[in-house]
Structure formats: structure tokens, C-alpha cells
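Visitor: I have a structure open here. Could you walk me through it?
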Amino acid sequence: MFYQPIVMVLSITSLVLTLYVVWLSLRDLSLMRAGRDTFVGLDNYIRFFADPRGLWALWRTVLFTVLATSIEVVLGLAIVLFLDRNFALKRIVRTLLLVPIIMTPVVVGLTWRFIFDPASGMANYLLSRLGIGAMDWLGSPQVALFSVLIADVWQWTPFVILLSMAALDSAPSDPLDAARVDGAREWQVTWYVLLPMLRRAIAIVALIRAIDSIKAFDLFYIMTRGGPALSTETLNFYGYVVAFTNFEISYAITVALILTIFTNVALLAMYGVLFPRKGERT
Amino acid sequence: MIRRLFFYVGLVVLLAAVLFPLYWVVATSFKLPGDAFAIPPVWLFEPTLDNFRTILANKTFLRAFANSFVISLSASALAVAIGAIAAYGITQQDAEKRRGQEKFILSLRIAPALVFVIPVYYFAVRLGALNQHWLLIAVYAFINVPFAISLLITFFDDIPRELRDAARVDGAREFSIFWRIYLPAARGGVVATLILCVLFTWNEFFVALTLSGRNTQTLPVSITSFLTFQGIQWGALTAAATLIMLPMLVLGMLVQGQIVRGMTLGSVKG
């Protein structure tokens, strides 16, 4: 068949690349001393688990992913339920909700950096109007991660909203009406009938958001570059620093592979929680 | 009545929260430096095109614009061409084999870009390819192929199988079934996939940051250079930002129905 060569080439490329990456992680290749790398076995992996900077980065990745995913899903669902009625301009509202999703991430980061500017930013101006003192949004190690989180929530909550809305539109309305006829209160209809119907869509959106938050890079690079004092350095960012600042190719690949393994474990766990019975394929 | 009022107030607050950052960048790009940093913020100001003049006279920025244009278009066209053939192949297989292949393609999406960017970087350094356009085009095509396959599969699945079986009875070859039946029937889907690939490639930052050289910098990378001069030139920066995202906002509106479908790879039809 004419398509088989293409499928073959794609599979072989991916396979070769994977094997090559694993092979590199077992050596100690560094661009700082090119051509003098040796086989070191699992040393890179052992090094990672004794590397406090890497472990902290892993912890921040977990924290950021859990917070971003849960806030976006809960907030998004709340907004979907709020918008779940017929009103004029609904189509336009949907179109406008696309704006954050298709806005260039680098521009999103710059915009929020502008808003969080300590002296002339909008965020501190709002705080001052509310009678609260100025905050150092991106300059304080205790706050910076949460400032990036705000930008991420702004960008991706609309995605949760649009996806759940699409699922809601294709859901049948008979069960809802039946529950109402049986005398269920509105919140009971929402909690016991509507949300279970959206379960599959919610699970998919949560998985997608989790995958993407684990790999989040653009906002961190633009807003904080991992600082201040490494307080926003996630594992993906740490891998970038190891590869492109220190040029330790092998160790960077090890970090990236650990990130990949960690992502897969997290996904399997989430998958098990979200699809407890005989799970449907996403 | 009060409920309705409450609803519309909520709606306005929501839209304000969603749109304010976009408004703020675009508005700042039309402000003079004095107005841009005024506290309290200036809501009514005399618009100026100075920032756009500055940015459009900047050769680096113009070159980045051309780079982004060439790279995202050619990489996306390549990815859709390869993706369409592969997607057709996958839809023609029996269900079990197909499931395995779809899982494999999904797993490509899960792996962080860092994993394959590092070996590619290492090779590119040795080949001296870091400053050549074909490197970025090839890498972006490779990244977009799994996405294009998964999305095109959902469009090909919408085509009734009877069409294909009828053509086969008439003695059509496999390739002409693909070329004369599947592609025309899924034309809208193919165009949407192409547009989404362009959108992602244009917006993509990590690969561009690590694998581009001085001559191949794309827009998202080039704009970060405004961050490193003494302080930040917010005027020129916001003008550049406006120019970067404007074409994508337009393209995004064109395929708005497909975006959610594309980002969930069709698992929820938007």
C-alpha cells in the first residue's frame, strides 16, 4: 500500500530517536568537553536523586500541575454552569473565550509581566484601590510561582469552559427534565445528573491540562526565568538550563527522561482515578 | 429580574477578566511612553503610531516575521501532506492494529519537547545546521505530524465507508481512493488541520528558542530580545506583540469550531 512507507519511516524515526536518547543518558556527554564521553551506566539517574536542585524542581512541577489543573477545571466548570442558559450573544461569548487560547504564549507572558510590574503594573494599582499594599508579584520567592499560576489559569480556563460547553451541548436533556419532574432541587440536578454526564469530558480536559502543565515552559521563561532564587524552576525548566546553559547533554536528557517517566506515571494514576471501571479509550 | 441582572453582571465581569490583558497590550502599543506608565492608568489617551514605526523599522523584527511566515507555512504543509497519507493508512487497518498505532501517536504528544530537542541540537551543532531554515522546518513538521494524523483521522472517520467500497468495486486503486474520494470529502477538515498547524507553529517558543540561530529566529524568540536591553522597552514590545498575535487571532476565528476538537484530538467534538 502506498501509505505504508510513510508509517514505517515515522515509526522507525521515533524508535531510533528513543533508543538514541536512552543510550545518551547512559553516557556522560558534555559539549564542554566534546569527544571525551564514556559509558557511565545509571550514574546520571543516581545523580538526579541526589541532586537537591532537581528534586526541588520536581516538587515544584507537582505543585504547579496539581494547582493549575484543579483550579482550571473547577473554575471552568463553575463558569460553564453559570453560563448554562440561553442568552443573546452566547455565540459571541464563545468566540471571545478563544482569545486567551490562541494568543501567542510568549505574548501572554509579557502581558502578565507588564500587569505584575511592581511600580507601574495594573495588579498593584488594583490592590492600592482596594487599600492593600503593593506586592512584589514576580520578585518575591514566596509569590512568584503563584503569579505564573495566575497567568496560566487565565490562559487555560477558557479551554476548559469551551470543551465542557461542547460536551454539555451534545448531552441529552431528558435525564435533567426527568429529575426535575421527580422533584429534585436544582443543585441536586446539577450534582447528581449533570456533572456525572459530563464526567468523560471533564476527565479528558483534566488529563490534557495535566500533561500541558507538567511541560509548561513559555510563561516561566518569559515571566521569571526560573527565578527569583530558583523559586519558579520546574523540572522542564531545569532540564533546559542543564542542556543549554551548562551544556551537559547526557544529564539533561536524563532529567528529560525522568520527566517523561514521571508524566506517564502521573497520567496512569489519573487515568485510574478518572476512569475507575472498565475505562473508555480517550 | 434581579437574577437576570445578576447574570449579566457576572457575564460582564467574566468577559472583562478574559479580554482585559489583550486590551491592555493593544492599548499600550498605541500610547506614548508617558501614558504607558502613568499611575493611575490613563484610559483616554491620544493614540500614536510611534511604537509601530519603531518596530517596523527594526530589521531583526522584519526578518523574524519573514522567518515565522516561511517556517510555519512550509512545516505545516509538509506535516499535513504526510499526516493525511498516514491517517488514511491508519483508518484502513483493522481495529486492533489501529488502536495500537493511535496509542503510539498519543504517546508522542505526551513526551516533553526537551527529550528530542537535545539530541537534535547536538546533531545540529555537529552538522553546523543551527542557522539554517530547513532544520526548523523539519523539526516542526515532525512535531506536527502526530497531531495532524490524530486530527485527520477524526475527519476521515466521518466519511461513509460505502463510498470507499463502491470505488473499490469499480476497480479504483488505493491511492486514487485516497486522492479522489477521501481528500475532497474531508477538504474542510484538511484546511482546518493546516490552519491549526500554522497557528501552533507560529506560536511555538521552546523549539524556536533552542534550535534557531541568528538568521532563523522566529517572532516569539525575537520579541524576547526586547527584554534584555537596558530595562524593557514596553512601547515597542507591545507593538511587536500586537503584530505577532493579530494574524493568529484572525486565523483562530476562522477555524474556531475546530480548535477545541483539535486540542483534544477529536475526543470531544466541539
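Visitor: Which residues of chain A does the UniProt annotation "domain: ABC transmembrane type-1" cover?
Guide: In the unreviewed UniProt entry, that annotation covers residues 58-270 of chain A. UniProt positions follow the numbering used here, feature names are shortened, and annotations may be inferred rather than shown by experiment. This is a predicted model: local features need pLDDT of at least 70, side-chain atom pairs count only at pLDDT 80 or more, and totals for chains, interfaces and linings use all residues. Residues are numbered from 1 along each chain as its sequence is written, with chains lettered from A and ligands numbered from 1 in the order in which they are written.

Visitor: How much helix and strand over 58-270?
Guide: That stretch of chain A is 75% helix and 0% strand, and its end C-alpha atoms are 18 Å apart. Helices (H or I, at least four residues) and strands (E, at least two) are DSSP runs, numbered from the N terminus.

Visitor: Switching to phi: what is it at A:Leu89?
Guide: About 75°, a positive value although A:Leu89 is not a glycine. Most residues other than glycine have a negative phi.

Visitor: Where does A:Leu89 lie?
Guide: In the loop between helix H3 (52-83) and helix H4 (90-102) of chain A.

Visitor: Is A:Leu89 buried or exposed?
Guide: Exposed, because A:Leu89 has 12 C-beta neighbours inside 10 Å. The cut-offs are 20 or more other C-beta atoms within 10 Å for buried, 12 or fewer for exposed, and partly exposed in between, with C-beta atoms placed from the backbone.

Visitor: And where is A:Ala229?
Guide: A:Ala229 lies in the loop between helix H11 (218-223) and helix H12 (235-244) of chain A. Its phi is positive, near 50°.
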